[in-house]
Amino acid sequence: MSARDQILAALTRHPAPPVEPARPESRPEMPANPWSVLEERLAQNGGRLVHSHSGAWIDSVKWPCEFAELTHVYVAKNVPESSPTPPASQLSPTAHLSTLTSRGVGATAKAMRDLEPLEVTVLYADFAVAENGAVWHVPASALERTAALLAEHLIVLVPASSLVATLHHAYERIALAETRFGWFLSGPSKTADIEQSLVLGAHGPRTMQLVALES
Amino acid sequence: MGHVDRAREFVRDESRTKWHDESLWFVRAKRDDAADTVPDWEALRDEAATIKRDALSRLPDLWRQFETAATEAGAVVHWARDAEEHNQIVLDLLEERGFRRVVKSKSMLTEECGLNPFLEARGIEIIDTDLGERIVQLRNEPPSHIVMPAIHLKRSEVGKLFEKEMGAPVGLDDPDALTALARKDLRKRFIAAEAGITGVNFAVAETGSFVVVTNEGNADLGTALPSLHIACVGLEKIIPAPSDLAPFLRLLARSATGQPISAYTSHFRGPREAEDIGSPAPAMHIVIVDNGRSDLLAQPSFRDALACIRCGACLNTCPVYRRSGGHSYGTTIPGPIGSVLEPSRDPKAHAELPHACTLCGSCTNVCPVRVPLHHQLLTWRAHLAEGGHHPTRRRVAFGLAGRLFAHPRAYEILTKAGRRVARRLPTAWLDRLTSPWTEARTLPPIPARSFREQMRARARQATKGPR
């Protein structure tokens, strides 16, 4: 008998008695001030909330250095266009984003590892969860997933209209059976493994900004 | 050396004991604050508890369903009856590809199976990537906590370790600087790794997906670059459907560290897409492990412990754990949940653990999936006594006490005589006689009359009425 069959047989011999799964009739509703709840919870996780107009998010976020000095940036393909920040104002809005994108790296085996000196990664998430300050994001590729982890700073854009109250509502929107990889992100990579002192940037990004885009 | 001896070692350093106690209580307090922000917290605990108990009642069906769905998604599913089989499966997967460099993210299951020493002995470099895990790995010791593996160490001790292992400057003890050093060192290893091993927090039967939760992002980084992902999962980790994830993820981080959610909650379903030209095609292997879990399922008094989601809340709240340290338990999983789980593996070796408990019930009160921990610990004591696992001294003493309690008249005469003698003895003598309770405290004065005598006297007075 194979290990599989032996294990399944052992589990069949002594099952726990059946129970009726409890499903509460109601779930917590959207709080009156959902974005301030989200802002507080995200801050607890070490992240920062920014509100912005969809076309101007580049102006609204904090960049680690002068915008023009950024050299290694990954911008996800689905990130909406934004108008440029002076002094880079010579560029047209779309040109600006494409300049940003062109500083990214291609999707070759070498490039995955060459993502290493990445300064900033910009992602576009599906929706945000008010109760815990998380966003649901499905990377377009393995490269995008890696870029989100190897960058020093992470910026995640999310449409302000797509906010859900709790994780219960979140899973109603997620098609897990069709999702090869998806994640809830909340705040930067962090650890408190040395004497419970919170350190941001354990392995991945040291900062995380969530941008709520108003259309 | 048993728990008592190791705990005695630990408490010898009073200031460290106090520090350890307070660090964990700080986490417990954060858990309370986080729970208070959730209006439906208690209903959520009920829901999570019943989902797990429902899953435990139909494990074979759920795992078959998981196997089918995961296979459809392109993963390869393996089954391991015990730790040896598990380790061998992992080794074979690495050896058939000629892989030598492995990164691992925190998994108590691979700790339980002794995977690290097994692979190291066969020439494979396996690096724990969770910072706390890495620290204890470099110190060559097991984790002392299931969520905070290095909670027993002070920053100066980590500094000394990094001085030796990572070239830290002498005297460096700033957590930010120490973490930065580890980050730099581990980043190289992530980039160089050929395979990534992760644990599993939840396996979803319906979709063949599984969820891994970390704050550091190490499970993600460890599986994003290497072509081979091996996920090791215990039989108890299965839940039926994606919607079942919500109650658990709402409870888990809040119970563990008081966070609203962990930084990374990753959902995997099959290997990642083949994208890298010229590198091996990405592969995902899932190893489903029994290693004593089906035996535990067969024990009605203890099977509820299989509902545990390893949040560590019962450790943080336990007055014994906080003051004796994780290593004093001498087990993979310490604290209340460890004291329930470990005796089922080896009753003889761990017979002491259910006694390392004051039955205060705090663990049961904080458990997000309502495992009746302190009731189980009490039940274990009875089981272990019946199994003859108590030390002779306790067996004789309990035997005599049992007989005495069965005869009230004899009890009264004997205790009366005992009190009379005891009241004449010097306190220091009495303390020595009643050791170990009086090692760190002294007995209260022995009263002249027993409780029953006092009550009888009061009753007499009451019938006489006020004078």
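In chain B, 74% of the contacts with a separation of 6 or more join residues 24 or more positions apart, a contact being heavy atoms within 4.5 Å. What you're looking at is a predicted model, where local features need pLDDT of at least 70, side-chain atom pairs count only at pLDDT 80 or more, and totals for chains, interfaces and linings use all residues. Residues are numbered from 1 along each chain as its sequence is written, chains are lettered from A in the order in which they are written, and side-chain values use heavy atoms, with hydrogens and water left out.

Now for chain B as a whole. It has 22 helices and 10 strands; these are DSSP runs numbered from the N terminus, with helices (H or I) of at least four residues and strands (E) of at least two. Along the principal axes, its C-alpha atoms fill a box of roughly 100 × 55 × 45 Å. Of the 467 residues in chain B, 58% are buried, meaning under 20% relative accessible area, while exposed is over 50% and partly exposed is in between (1.4 Å probe, protein chains only). The accessible surface of chain B is about 19,800 Å², and carbon and sulfur atoms hold 55% of that, going by the Shrake-Rupley method with a 1.4 Å probe.

Next, the inside. A nonpolar core here is a set of buried Ala, Val, Leu, Ile, Met, Phe, Trp, Tyr and Cys residues joined through side-chain atoms within 4.5 Å. The largest one has 152 residues, and the members touching the most others are Trp63(A), Phe184(A), Trp63(B) and Ile286(B). Helix 12 (residues 245-256) of chain B gives this core its largest share, seven residues. Domain 1 (1-29 + 310-390) and domain 2 (38-291) of chain B both contribute, so the core lies between them; the domain bounds come from an automatic or database assignment. There's also a second, separate core of 24 residues, with Val90(B), Leu93(B), Leu109(B) and Leu119(B) among them.

| Residue | Phi | Loop in chain B | Relative accessibility |
|---|---|---|---|
| Asn140(B) | about 60° | between helix 8 (131-138) and helix 9 (155-166) | 74% |
| Leu359(B) | about 55° | between helix 16 (335-345) and helix 17 (362-366) | 30% |

Asn140(B) counts as exposed, whereas Leu359(B) is partly exposed.
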